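User: Could you walk me through some packing in this structure and tell me where the labels come from?
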Amino acid sequence: MPQPPWITKTGLPSVIDDWLNSNVVESCLAADRLFAPKDGSYTDIPADLAPELRQALEKRGIDALYDHQARAYALARGRPDPGGPFSGGAKCVVVATPTASGKSLCFHLPVLQAIARDPDARAIYLFPTKALSRDQETSLHRLIADAGLTIPAVVYDGDTPGDARRAARERSPIIMTNPDMLHTGILPHHANWARTFQALRYVVLDELHTYRGVFGSHMAHVIARLRRIAAFHGSNPVFLCATATIGNPREHAARLVGVDPSEVALIDESGAPRGPRRFFFYNPPVVNAELGIRASYIKSAVRLASDLVRARVPTLVFGQSRNSVEIMLKYLRDSLGDTVPEESIMAYRGGYLPEQRRAIERGLRAGSILCVAATNALELGIDIGDLSAVICAGYPGSVAALWQRFGRAGRRQELSAAILVGRSAPIDQYLARDPEFLLSASAEEARIDPGNVEILVQHLKCAAFEVPFVCKPTPQAEGSFDRYGTLDEDSTKDALSFLAGHGVVHEAGGRFHWSADAYPANHVSLRSVGWDNFVIIDVARGKTIAELDWRATHTMLHEQAIYQHDGGQYQVERLDFENHKAYVRKVEPDYYTDAMTYTRVSVIDQESDKPAGRASAAWGEVSIIEKVVGYKKIKFHTHENVGFGDVRLPDMQMHTTAFMLTVPEAVCLQLGGGRAAGIDALRGVGRALEAVASLALMCEPTDIGQTLGDNAGEDGLPEREPGHGPRAGFDPTVFLYDHVPGGVGIAERIYERADELLERAHKLIAGCTCEDGCPACVGPSEESGTNRRALALRMLETIRG
């Protein structure tokens with residue numbers, strides 16, 4: 001018998017039943033999988049654990065450790081692995097278990113045990129963000145209080161007041177900080193931290209998987225400098241690392257810490273229990289069959305989230321960008337305004353001020369906030385309480401990131417839901433056709449390149465400033481030479497001699513001293529963005545409401561942009577670029593703005609080339625210039641384009657590496673339809689190549705940029721002569737480039753697998769069910785009356801010969 005209409009259904013099972021009984025939802029499910037619950041695997045609390053710490057665990061109802069926690073404790077203490085082959089003496093311990101498996105205790109217990117037994121012992125905790133260090137500070141203080149211990153643990157970052165900084169240096173055995181502060185605020189001043197470095201027993205690296213790409217390459221050098229300073233002060237710390245599931249945890253930790261993989265003890269089997277989880281892949285219905293366009297994934301995610309919130313199911317919705325998160329927040333509040341209070345639905349993203357983010361975290365833990373729309377800022381292990389459902393509005397780009405997000409739900413042993421809402425993009429549609437790839441594929445590998453010369457030289461300068469290098473035999477250790485990072489002794493000396501030739505270090509008697517006036521760490525940004533954020537000021541209230549990084553400012557804070565914040569809309573009246581300030585006023589428009597970016601590529605140096613059928617493949621160094629040239633006005637809810645505007649801001653320039661597929665003009669002309677058709681075909685090939693490369697190389701789509709240009713010219717896009725199309729002699733080139741300064745090797749790997757990837761691109765396009773080209777394969781044609789899909793297929797077949 002159906003329930004009376006005045007009774008509101010609550011709870012996740014009722015929502016799932018309604019979805020499966022509704023043709024609107026059930027007909028769009030590309031996958032529906034129930035993951036069975038898993039029992040926990042436990043080990044007795046170690047006999048040597050300090051009574052105070054045992055008491056703290058008992059207060060929390062813990063009378064046994066998960067297996068992986070007990071193994072981590074033993075290995076951190078230098079003992080054999082009770083559940084694995086490692087015989088002890090590990091220089092680095094890596095715990096690679098899922099979200100909510102109790103990884104924090106894996107490093108808290110050995111650190112507190114060491115300090116409880118030796119009050120002079122020291123530890124440094126490193127977290128990728130200030131927010132995470134503040135969150136873990138609270139967690140650690142609770143554990144210390146439950147143990148009845150008086151062990152100071154201080155967060156040391158840019159927000160730490162002066163008196164607390166002095167206390168941290170002089171009295172705190174546990175320093176909790178982030179890579180940026182370690183790089184600029186601690187290592188260059190290590191003499192002030194002598195007490196810490198002389199007795200440094202442990203270095204904790206949490207969220208190890210975030211140290212990838214250029215940021216990770218910088219981090220490897222920061223750790224190399226930390227180890228060098230610790231050795232100078234007479235200590236040799238053990239590194240305790242925690243990471244979400246990645247494909248190469250041992251190898252990644254070894255490269256990051258600078259040790260041999262055989263010295264890294266890996267724990268990748270979780271002993272934590274897990275409740276049942278229901279996975280859905282919701283693929284929005286096709287609304288335009290000719291163009292292959294599906295219903296808005298944002299509005300579809302909002303509809304599913306609204307169903308959950310009405311049933312009082314705590315829900316987290318992940319968006320692809322800051323703008324999409326704010327749009328979802330507005331739509332959720334509009335949809336649920338009569339059901340739940342506005343303040344129970346919030347957004348969480350970069351740009352919000354710290355106090356606002358902390359308030360949202362507290363609201364989630366307390367249960368007063370039912371739904372949060374968030375960017376990947378909430379992927380990391382910040383404690384946000386118990387959630388029952390996670391919706392990903394669009395595939396985040398990697399299997400590892402997807403399951404990291406889904407791991408945010410189901411912290412209790414109850415049913416949880418994980419819902420992926422597909423976009424019209426090629427990768428999402430590929431996964432919709434083959435959802436088993438998501439369910440069975442291994443997680444991607446984290447990649448760094450500490451040997452990147454530009455990064456290495458920057459940190460070698462910092463290292464020389466911190467401690468002089470000795471490059472001759474010493475009386476204490478004949479034949480002993482300093483070496484830095486991945487360099488051997490001779491290469492270290494050669495690199496230092498290079499710096500001496502440029503006047504920044506001075507050699508005297510085989511010792512290299514820093515000799516320049518500049519303070520090197522201040523000129524090295526670990527995250528490859530400008531140091532200074534732009535502050536956003538509400539002119540009506542004269543109050544700072546948010547801040548944005550330099551790159552995001554170009555697309556979100558140009559003049560006349562609609563900046564969205566906490567569900568409200570603000571129009572940018574003035575952007576003071578020189579002083580990094582944006583002045584905004586609250587408005588109530590019926591549209592939001594979306595920036596349009598133009599990309600230009602110039603080839604600096606070609607490293608290698610080879611034939612690719614009748615085309616040529618190459619890779620090398622390039623200069624990428626991105627410029628925001630205008631913006632579109634997009635109407636809320638209908639997503640109609642209702643206007644345009646111009647933007648005049650400086651270019652954004654980046655040196656990186658790129659793969660280049662160059663097709664001679666003569667080959668393009670064989671397709672018929674003239675040069676315009678050939679270029680349109682290559683645009684489609686480029687889109688397909690970008691999609692298959694990110695899947696084949698197991699990297700995120702945001703790691704790869706793609707554009708069409710001319711390998712021989714300086715201009716990125718084809719030059720056009722009025723009324724005549726592209727200029728004569730144009731050999732169009734598809735560029736796939738590393739979307740990070742300096743590159744991390746992706747372009748070279750694409751080059752090595754060029755033939756395979758071209759074949760995969762052909763299969764992707766040929767297997768699409770559209771007629772003329774759609775977002776799932778090559779994108780719609782930009783030339784009227786042409787069939788981009790057919791042209792792209794013919795182009796690939798012509799290239800193969």
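Analyst: Happy to! Contact here means heavy atoms within 4.5 Å, and helix α13 (residues 322-336) lies across β23, β24 and β25 (568-576). Helices (H or I, at least four residues) and strands (E, at least two) are DSSP runs, numbered from the N terminus. This is a predicted model: local features need pLDDT of at least 70, side-chain atom pairs count only at pLDDT 80 or more, and totals for chains, interfaces and linings use all residues. Residues are numbered from 1 along each chain as its sequence is written, and side-chain values use heavy atoms, leaving out hydrogens and water.

User: Why are α10 and α11 called oblique to each other?

Analyst: Helix α10 (residues 213-232) meets helix α11 (residues 249-257) at about 55 degrees, with axes 7 Å apart. Angles under 35 degrees count as roughly parallel, over 145 as roughly antiparallel, 65 to 115 as roughly perpendicular and the rest as oblique. The pair is therefore oblique. On the α10 side the contact uses G216, M219, A220, I223 and R227, and on the α11 side R255, L256 and V257.

User: What makes β23 and β24 edge strands?

Analyst: The open sheet has 5 strands in the order β23-β22-β26-β25-β24, with mixed pairing. β23 (543-548) and β24 (562-565) each have a single partner strand, so one side of each lacks a neighbour in the sheet.

User: How do you know that β22 pairs with β26?

Analyst: Pairing requires at least two DSSP bridges between two strands. Strands β22 (residues 534-538) and β26 (residues 581-587) run parallel and are joined by 4 bridges.

How values were computed:
Axes fitted to C-alpha atoms, helices over the stretch in contact; angles between N-to-C directions.
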